[in-house]
Amino acid sequence: MTPFELQELVEKISLEFFDKPFQHKAVFNARLKTTGGRYHLNDHHLDFNPKMLTQGMEVFIGIIKHELCHYHLHLAGKGYQHKDWEFKELLTQTGGLRFAPSPPREVKVLIYQCQNCEKCVQRRQRINTERYVCGACRGKLQYLDTTIISLGK
Ligand SMILES: [Zn+2]
Ligand SMILES: [Zn+2]
């Protein structure tokens with residue numbers, strides 16, 4: 001999803017579920033760690049956590065609705081905080097998510113390949129290929145690549 005597509009999606013959901021236009025900016029913010037999105041009271045823009053896209057569109061749209069509840073209630077001068085009944089009611093009406101699911105945990109792994117049987121092994125840390133050999137055939141291991149894997153929730 002591009003930033004432009006994000007903006008369009010937020011505008012579309014705003015009209016469809018809130019009957020009001022979204023007239024500010026919606027942007028991706030990769031620095032958000034545990035939250036799915038954030039509404040900024042000062043300039044009314046919305047931040048979205050790009051990692052939440054990995055949770056599927058249904059979840060992501062639920063997050064957009066949640067942030068739009070803050071947005072529209074705040075601009076209308078109504079109770080826009082989680083504890084306010086107006087917020088709870090609008091969230092229920094629009095089908096927004098109460099809490100964003102925690103993003104999947106990711107770890108960096110190093111991939112080694114056996115030069116004899118070509119079996120690949122993953123290790124969290126660098127290994128000494130002089131000492132460690134292939135578990136299947138005892139062949140020599142060679143460093144292949146470093147990658148990021150998801151451990152799920
Ligand atoms: Zn919130
Ligand atoms: Zn091997």
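What spacing do the donors of the zinc ion (ligand 1) follow along the chain? In this predicted model, the spacing is H-x3-H-x11-H. The protein donors are the NE2 atoms of His-66, His-70 and His-82, which lie 2.0 to 2.1 Å from the zinc ion. His-66 belongs to helix H2, whereas His-82 is placed in the loop between H2 and helix H3 (85–94), so this pair ties together parts that are 16 residues apart in sequence. The two histidines can also be described by their accessibility. His-66 counts as buried, at 8% relative accessibility, because the cut-off for a buried residue is under 20%. His-82, at 46% relative accessibility, counts as partly exposed.

The protein is divided into two domains, domain 1 spanning residues 3–94 and domain 2 spanning residues 106–150. Their C-alpha centres lie 43 Å apart.

The largest nonpolar core holds 21 residues. The residues with the most contacts inside this core are Val-10, Phe-22, Leu-46, Phe-48, Phe-60, Ile-64 and Leu-68. At least two residues of the core come from each of helix H1 (3–18), S3, H2 and H3. The element that gives the most is H2, with seven residues. A second, separate core consists of seven residues, among them Cys-114, Val-121, Ile-127 and Cys-134.

Phe-22 is one of the residues with the most contacts inside the largest core. When neighbours within four places in sequence are left aside, Phe-22 is in contact with Gln-7, Val-10, Glu-11, Ser-14, His-44, Leu-46, Leu-68 and Tyr-71. Phe-22 is also part of a cluster, in which ring pairs link it with Tyr-39 and Tyr-71.

Aromatic pairs were then considered. The count comes to five aromatic pairs. One of them is formed by Phe-48 and Phe-60, with 5.9 Å from centre to centre and 55° between the planes, and is tilted. This pair links distant parts of the chain, as Phe-48 is in strand S3 (residues 46–48) and Phe-60 is in helix H2 (residues 57–75), twelve residues apart. Both Phe-48 and Phe-60 are buried. Tyr-112 and Tyr-143 form another aromatic pair, which is edge-to-face, with 5.7 Å from centre to centre and 70° between the planes. Tyr-112 lies in strand S4 (residues 106–114) and Tyr-143 in strand S6 (residues 141–150), so the pair ties together parts that are 31 residues apart in sequence. With a relative accessible area of 1%, Tyr-112 is buried. Tyr-143 has a relative accessible area of 34% and is partly exposed.

Charged side chains are also placed over aromatic rings. Arg-126 lies over the face of Tyr-143, at 5.2 Å from the ring centre. In another case, Lys-65 lies over the face of Phe-17, at 3.9 Å from the ring centre.

Some loop residues have a backbone angle to note. Asp-19 has a phi near 60°, a positive value in a residue other than glycine. Asp-19 is located in the loop between H1 and strand S1 (26–28). Its relative accessibility is 69%, so Asp-19 counts as exposed, the cut-off for an exposed residue being over 50%. Arg-138 likewise has a positive phi in a residue other than glycine, with a value near 65°. Arg-138 is found in the loop between strand S5 (120–123) and S6. At 64% relative accessibility, Arg-138 counts as exposed.

Arg-31 is a further loop residue, located between S1 and strand S2 (37–39). Arg-31 has a relative accessible area of 68% and is exposed. Between Arg-31 and Asp-47 the C-alpha to C-alpha distance is 9.8 Å, and the two are 16 residues apart in sequence.

Notes. Residues are numbered from 1 along each chain as its sequence is written. Chains are lettered from A and ligands numbered from 1 in the order in which they are written. This is a predicted model: local features need pLDDT of at least 70, side-chain atom pairs count only at pLDDT 80 or more; totals for chains, interfaces and linings use all residues. Side-chain values use heavy atoms; hydrogens and water are left out. Rings of Phe, Tyr and Trp (its six-membered ring) pair if their centres lie within 6.5 Å; planes under 30 degrees apart count as stacked, over 60 as edge-to-face and the rest as tilted. Helices (H or I, at least four residues) and strands (E, at least two) are DSSP runs, numbered from the N terminus. Buried means under 20% relative accessible area, exposed over 50%, partly exposed in between (1.4 Å probe, protein chains only). A charge sits over a ring if NZ of Lys or CZ of Arg is within 6 Å of the ring centre and within 35 degrees of the ring normal. Donors are N, O and S atoms within 2.8 Å of the metal (3.2 Å for Na, K and Ca); water is not among the atoms, so sites may look incomplete. Domain bounds come from an automatic or database domain assignment. A nonpolar core is a set of buried Ala, Val, Leu, Ile, Met, Phe, Trp, Tyr and Cys residues joined through side-chain atoms within 4.5 Å. Contact means heavy atoms within 4.5 Å.
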